[in-house]
Every structure is written in structure tokens, then in C-alpha cells.
Amino acid sequence: MTESPAVQEMADVPAQVFESFLEALQGTDVSAEVVARLRKTLLVDQTYTEGALKAAIWGEEQST
Amino acid sequence: MIRVESITIKEFRGIRDLTLDLNGRNFAVCGPNGTGKSGVVDALEFALTGNVSRLSGEGKGDVSLKQHGPHVDRRTHPDEARVTVRITLPSLNRTVTIERCLKTPAAANIAPSDPEVLEILRRVEAHSEIVLSRRELIRYVLATPGKRAEEVQALLRLHHVEQIRVTLQKIANGSEKQLVPLENAVAQARDSLLRVLEIPELTAESMLAVVNAQRVVLSLPALPDLTEAVSVKDGIATQQPGHPQRIPKAQAIEAVQAAREALAEVASGHTITCASEVRAALIALEDDPVVASSVKRDVFYATGMEIAEPGACPFCDTAWDLDDLKKHVQAKTEHLKEVALKRTAAETKIAPLAATLRKAQVSVETLDRYAALATPPWNLQGLSEFSTNCATIADRLATLLPLSGTTRVLSGVSSVPLRLHDAIAEFEGRVAALPDPTTQDAARDWLTLVQERLEVWRDAIRKQAAAKERALRARQVCDTYSTASDGVLAGIYTDVEKDFASLYRLANRDDEDKFHAHIVPSMGKLGFDVDFYGRGLFPPGAYHSEGHQDSMGLCLYLALMRYLHGSRFTFAVLDATAAEPGMHHRWPRPPPQPSRFHDCRTEPSVRRREDELDLRSGVPTRAVGGGRHRDQVGARGRIQLRRGATDHACLCCGKPVAVEPVWPTGRRVGVRSQVATALHAGHEERGRSAVLDGQGRLSAAVQRLAQRAQHRMLSHPQLVLGQKS
């Protein structure tokens with residue numbers, strides 16, 4: 001459902017933090033793949049479990 | 001966001017039947033204690049969110065919305081407890097009616113129920129912080145930095161931000177922790193390789209020199225280098241199937257020496273001391289019931305939150321709010337910090353002990369493997385048993401939990417059975433009796449062993465390198481996240497800090513026009529210092545009066561809400577926030593409006609005397625009260641009675657007050673009913689001060705009960721209890 005104008009102006013602080021984090025991460029030597037996975041986990045899937053973050057950092061095959 | 005036009009409350013909390021026409025304007029509810037002001041606040045919250053926060057959530061004990069939401073006299077009839085609120089949505093230019101019944105609080109009748117309307121109401125429902133009491137507001141000010149951070153994080157929806165910071169920290173720490181055993185494994189593999197090569201340093205040149213010397217014996221070409229693709233055995237014919245493998249005599253003798261050295265280390269005084277220290281550390285953890293249970297729960301919490309899903313508990317199907325659950329569990333895990341420190345100290349002591357055991361395990365396993373090559377295999381008692389025991393203890397030490405099991409295995413960690421020494425001696429004797437291999441066989445055996453150990457060493461290095469890369473990446477992600485989130489939050493808190501100080505200066509401009517504050521976020525904490533009349537920055541509770549502290553709580557809340565909602569922060573219901581009777585400084589004037597909150601409506605529940613009720617903002621404000629408040633009400637508006645406004649009508653029931661006997665002594669009725677009865681009597685007397693129990697039948701005990709009672713009428717005359725008794 002599209003959010004009405006009444007709610008669009010609400011400050012989404014977590015999203016601000018995540019965007020800032022991902023932008024900063026792009027400036028490091030962490031690969032673009034990792035940044036993309038973290039973006040998907042944090043902003044798209046919005047799953048914040050340890051397993052999901054490990055998978056984003058190391059890739060599925062290395063996350064255990 | 002929304003504006004409340006009217007609210008009708010029936011059999012809800014302390015209110016029997018009440019309709020208030022707020023007409024979309026600011027509204028203050030005032031009156032003496034227990035007159036139902038908070039009931040109006042609760043009703044508004046209930047209508048908008050389906051919940052009453054003071055009756056639900058953590059720390060509310062046995063109180064519940066369903067049981068204690070209905071009026072006390074109709075508490076078994078939740079179907080009669082209803083709140084109907086009529087609101088306008090300025091953004092949609094619509095008027096909406098919401099009706100909720102306590103029997104089915106989640107099922108609101110909403111008309112009209114367009115998707116746009118429902119979306120806004122859903123958002124309102126998700127922001128229960130629009131309704132707060134003084135007690136909740138003051139927490140922002142007086143809490144410890146850690147607790148304040150939690151409160152503010154909850155308000156700003158920051159719990160995920162903090163949760164991720166903690167999780168990334170945990171991942172980084174965990175991945176670095178895994179490096180220690182891998183480094184030990186590399187060192188062991190290197191030592192093992194050096195031992196068979198019989199060279200002092202592991203360089204490519206020195207390795208090639210000794211390897212090629214043996215290859216010459218087998219007429220094999222010299223190796224130019226030792227890359228990972230190269231085997232020192234290249235060119236040696238593979239073992240024929242069915243051809244029994246020989247025991248490499250020289251290596252077996254070397255293995256005996258290695259096993260004896262490893263066992264000597266196990267039985268050494270150093271190992272005994274180390275085991276004793278580890279045991280003491282674990283017993284200290286085990287002896288503390290809180291710590292011990294916390295250690296066990298650490299794993300439970302982590303695992304539980306990994307698999308927890310929205311909806312309900314997978315064990316008992318009890319419905320839960322996953323965010324609340326996570327917050328609850330997070331608070332518990334905070335208590336594990338002390339445990340984590342003790343545990344880390346124990347694990348530091350455990351690491352070398354586990355390494356010693358692994359070394360002994362591998363060396364004895366080697367003997368066992370050689371013994372199996374004999375024809376028939378040598379059955380040497382105790383070898384496999386000991387290596388298995390070493391592996392079990394090392395695994396247990398690595399796992400740590402349960403502590404009792406780990407402590408138990410430590411008791412025998414340094415003992416080496418006598419029969420093991422016997423078995424090794426027997427093995428040594430049998431090996432010595434073996435015929436010496438030919439020069440070629442010896443070279444072949446040696447190269448085979450070198451290749452085995454080279455592969456073990458290379459594998460250990462690969463694993464270590466991979467783990468290092470993982471740890472470095474995890475640390476980099478964690479540090480970057482911490483820096484980025486600290487930066488964003490610092491910016492937010494700077495904005496909030498400025499807005500807070502500005503609001504506070506406005507609210508207290510008579511005496512604090514130079515006020516400033518400092519909000520300092522750091523590692524899950526939120527420091528908060530305020531200026532005290534130019535004398536420096538101090539915690540809010542240090543020198544400021546309670547009234548000023550209350551004012552700070554409200555201003556901080558307003559600043560946070562304004563940050564969160566921006567110009568859409570237009571509605572708040574605040575309970576017990578205006579002023580204490582006889583005090584001038586809690587909220588000396590209404591919330592700083594209209595200049596600061598042009599469109600924001602607040603519904604403060606006021607505790608103050610009529611002569612202090614100074615709503616001089618210029619914003620149309622209504623007050624509900626009675627008795628001595630009547631003039632004030634008259635000036636600002638009218639008491640809205642459902643069945644007509646009359647001084648003789650009871651807001652409990654809306655009916656003219658009937659003459660009833662006062663205090664039927666000995667009758668077992670609820671306190672609230674007693675007070676209601678007394679108030680009816682007070683109405684009948686029509687005095688501005690109803691002196692109850694004029695006939696002396698109001699006992700002191702009943703007075704105390706009545707003073708504690710929650711149920712009074714909004715329009716009753718000033719209540720003076722028991723002056724004649």
C-alpha cells in the first residue's frame with residue numbers, strides 16, 4: 001500500500017543510519033557484493049538476525 | 001495527523017457515561033484527584049490504539065485491560081465498556097468515527113473505512129507514544145544513561161539500530177575469537193613438520209634441500225619449488241591395492257618421542273596449575289546462581305531470538321509482539337555483561353589447556369595409526385581410549401556449557417594412565433624390533449610423512465587465512481556501522497538538544513532564559529546534562545526542582561516527537577503533566593504553542609487548583625471541571641453531559657442524583673461504590689463543599705479507603721472527606 005502524505009514525512013531514523021552506514025562502507029575495501037547484500041538485508045528484507053547479518057557479511061556459504 | 005472532535009465514554013475506567021465535545025481544539029481536563037481525568041486520557045488512547053498503556057506491558061503486574069478497563073461496577077461486562085471518538089483527518093479533509101468495545105479491543109468500528117483512512121489510523125496505532133503520563137515522561141530525564149538510551153531509542157524507533165550494532169559487535173568478536181585455536185593449529189602443524197624435516201627454520205630453500213636429497217635416493221628429479229600444486233611425493237609409485245602398508249620405522253620412533261613429550265606436558269606442573277585455575281574460575285561462575293543461570297541463558301536467548309517469529313510463541317502459542325519480546329530479551333542480555341567478562345577470563349585460561357590436550361590427542365593417535373599398519377595390527381591397550389578422552393575434554397572445554405560438566409572433566413585432565421606409558425613402551429619395543437628399511441624405503445616413508453604434514457600445515461594456514469579475512473571483514477563492517485550510526489545519532493541528538501533547550505527556555509522564561517543542555521550518546525548510553533542557572537552542567541536530577549524536572553521531561557518528549565514526526569506531530573495526549581496543586585513551576589503555562597506547535601493539539605490532564613489554572617496561550621482551550629472549577633469552566637466552555645448539563649446530574653450515570661442513605665455501615669460493597677454513593681449524597685446536599693457523613697457515620701477506615709478510591713465524578717462539588725469525624 002502506498003503511504004499517504006500524512007505519514008511520508010515521518011523521520012525514519014533506522015533508514016538514515018543504514019543508508020549512512022552503507023555509504024561509508026562503500027568507501028572502504030569491503031566488496032560491492034557485501035555492500036549489496038547488506039543493503040538488501042537491512043533495507044529491503046529488514047531482517048536483523050545474527051544469521052542474516054552473517055550471511056550478508058560473508059555470503060551464504062561462509063555464514064556458519 | 002488527527003483532531004479529536006468529540007469523545008463518548010461509557011462504563012470505561014472510572015467513567016460511567018460521558019461525552020466531551022473537543023471540537024478539534026486544545027483541551028485540558030482538570031479536577032481534584034480521582035475525578036476521572038486520566039480516564040479521559042485512557043479512553044482516548046483506547047479508541048485510537050485499542051490499548052491502554054497503563055494497563056498493559058512490562059511492570060503492570062496483574063492489571064490488564066480486559067479485566068480492569070471496564071468501570072469497576074460493570075467489570076464483568078466488558079461489552080458495555082465502549083469509547084466512541086469522532087476525529088477529523090486534516091490531510092484527507094475527512095471526519096471519521098471510531099468505536100471500540102473492551103470486549104473486542106482490536107476490532108474497531110471505523111466509518112468511513114477507506115484505505116487512506118485506515119492507513120493513517122494504522123500509523124496512529126503504531127505510535128502509542130502519543131499518549132504518555134508524567135511518570136513516563138520523567139523517565140527520559142531521570143533514568144540512567146543506559147535506561148534513557150533505551151527509552152529514547154524506543155521513542156525514535158531505534159531499537160533495530162542498537163540491536164544491529166550489538167549483533168555486528170558479537171559477530172566481529174566471535175570471528176576474532178575463532179582465530180586463537182586456528183593460530184595454535186598452525187603452530188602445531190609447523191612444529192610437527194619441522195620435526196620430521198629436521199631443519200631449524202621453515203623456509204622454502206631449506207625444505208627443498210632436504211626433500212630433494214631424499215628424492216635423489218629414489219632417483220626422482222629435484223623439485224624446483226614447493227608451491228601448493230607440488231607434492232614432495234611426485235613421481236613415487238602409488239601403493240598397490242592389497243599390498244600391506246609398512247610401518248615407517250624412523251617416523252614411528254620419532255612419533256614415540258613426540259607422544260612422550262606431549263604426555264609430559266599434560267602431566268606437567270604447569271598444566272596442573274592451569275587446570276586448577278580454570279576449575280576455580282568455572283566454580284566461581286557456577287556458585288553464583290544468577291551468573292550460572294545467565295551463562296546458560298545466554299545461549300538460550302541467542303538461539304531463541306534467532307528463531308523467534310512474529311505472532312506467537314512456538315512452544316505455548318501465546319501471542320506476542322516480537323518487538324516487545326526482543327526489547328524484553330535485550331534488557332535481560334544487558335545483565336549478562338558481567339557474566340561475559342568472567343566467561344572471557346575463563347576462556348583465556350582454557351585455551352592453552354585445550355591446546356595441550358589436542359597435541360597429546362594427535363600424538364597418541366599417530367601411534368595408534370602406526371600400530372594399525374602392522375600385520376596383524378598391534379592391539380595396544382589404552383592408546384585409543386586416551387586420545388578419545390583428550391578429544392572429549394578439549395571439546396568440552398571449548399563448549400564450556402554446561403559448567404558442571406566442564407568442571408567435572410577438568411578433575412582428571414592432567415592424569416596420564418600408567419598403562420598408557422606401558423602401551424607406548426610396548427609400541428617402542430615392537431618398532432625397534434622391526435627390520436630396518438632399505439634406504440629407498442626409508443626415503444619413500446620420509447617423503448610420504450613430509451607430504452602428510454605439509455598438507456596439514458598448508459590446510460591450517462588456509463583455514464587461518466580464511467578466518468582472518470572473515471574476522472577483518474566483520475570488524476570493518478562493525479566499526480563502520482558504529483561510526484556511521486554514532487554520526488547519525490549525534491546529529492539527531494544535537495537537533496533534539498537544541499529544540500529541547502529552546503522549548504524549556506520558552507516554558508521557563510521567567511527564570512531560565514539562558515538554559516542550555518548537553519545530550520551525549522555513546523555505546524548504548526545517552527548522557528544528559530543540563531545547565532543550572534549558569535553554574536555548570538549537571539544531571540537533571542542533581543539540583544533542579546521536581547517541577548523543573550517534569551518540565552524537562554515534557555520538553556524532551558516534545559523535541560523528540562517533533563524530530564520523529566516533523567510537521568506531522570499534531571496530536572498528543574499527556575496525563576498529569578500540567579501542574580501539581582499549589583505548585584507554579586511544573587508547567588507554568590500551556591505547552592509552548594501556538595508559536596512552536598502551530599498545529600499540534602495536546603490533551604493535558606491537569607492537576608491544579610482552579611485559581612492556578614492559567615491557560616493564557618490564546619489558543620482556544622477547554623477545561624472540564626466542577627465545583628470550584630465551575631467559573632473556569634464557564635469561562636472556557638461547558639461541561640458536556642450526555643443527558644444535558646446540570647449541576648444536579650451525576651456524570652457517573654447522567655441522571656439526576658437521588659437521595660440515598662449514606663454509608664450503610666457493615667455492608668460489603670466496593671470502595672468505589674461507596675464513594676459514588678457518598679458523592680450522590682454530596683450532590684443532593686448541593687453544597688459547594690459536600691461534607692460527607694454529616695451524621696457521623698463515616699468511619700476513619702472508610703475515609704482512608706475513600707481517599708484512595710479512583711472513582712469520582714467529574715462534576716462533583718469539592719469533596720471534603722470526613723471533616724466532621
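**Helix packing, a sheet and the cores**

I begin with a pair of helices in chain B. From H10(B), the residues Ala275(B), Val278(B), Arg279(B), Leu282(B), Ile283(B), Leu285(B) and Glu286(B) meet Leu403(B), Ser404(B), Thr406(B), Thr407(B) and Leu410(B) of H15(B). Please bear in mind that this is a predicted model. Helix H10 covers residues 269-287 and helix H15 covers residues 403-410; they pack with their axes 10 Å apart, at an angle of about 155 degrees. Angles over 145 degrees count as roughly antiparallel, and H10(B) and H15(B) are therefore roughly antiparallel to each other. Their crossing is left-handed.

Let me turn to the sheet. In what order do the 5 strands of this open sheet of chain B lie? The order is S2-S1-S4-S5-S6, with antiparallel pairing. S2 and S6 (104-111) are the edge strands, each pairing on one side only. From one strand to the next, the twist averages 15 degrees.

Two helices of chain B accompany this sheet. Helix H1 (residues 37-49) lies across S1, S2, S4, S5 and S6, and runs at about 105 degrees to S1(B). Helix H3 (residues 115-126) packs on the sheet as well, where it touches S4, S5 and S6, and its direction makes about 55 degrees with that of S5(B).

Is S1(B) largely enclosed or largely open? Of its 10 residues, 8 are buried, so the strand, residues 3-12, is largely enclosed by the rest of the structure. With S4 (residues 82-89), S1(B) pairs in the antiparallel sense over 7 bridges. Within that pairing, Thr84(B) is the bridge partner of Thr8(B), and Ile87(B) is that of Val4(B). With S2 (residues 15-21), S1(B) forms 6 bridges, again in the antiparallel sense; here Ile7(B) stands opposite Leu20(B). The hairpin of S1(B) and S2(B) has 2 residues between the strands, and in it Arg13(B) takes a positive phi near 50 degrees.

Finally, the nonpolar cores. The largest has 100 residues, and Leu38(A), Phe500(B) and Tyr557(B) have the most contacts inside it. Helix H17 of chain B (residues 439-507) supplies the largest share of this core, 15 residues. Apart from this core lies another, of 70 residues, including Leu226(B), Val230(B), Ala423(B) and Val431(B). As for Tyr557(B), its contacts beyond four places in sequence include Ile130(B), Tyr140(B) and Leu574(B).

Notes:
Residues numbered from 1 in each chain as written. Chains lettered and ligands numbered in written order. Predicted model: local features only at pLDDT ≥ 70, side-chain atom pairs only at ≥ 80, totals over all residues. Heavy atoms only, no water. Core = buried A, V, L, I, M, F, W, Y, C linked by side-chain atoms within 4.5 Å. Buried < 20%, exposed > 50% of the residue type's maximum accessible area, 1.4 Å probe, protein only. Helix = DSSP H or I, 4+ residues; strand = E, 2+ residues; numbered from the N terminus. Contact = heavy atoms within 4.5 Å. Pairing = 2+ DSSP bridges. Axes fitted to C-alpha atoms, helices over the stretch in contact; angles between N-to-C directions. Parallel < 35°, antiparallel > 145°, perpendicular 65-115°, else oblique. Left-handed = near helix turned anticlockwise from the far one by under 90°.
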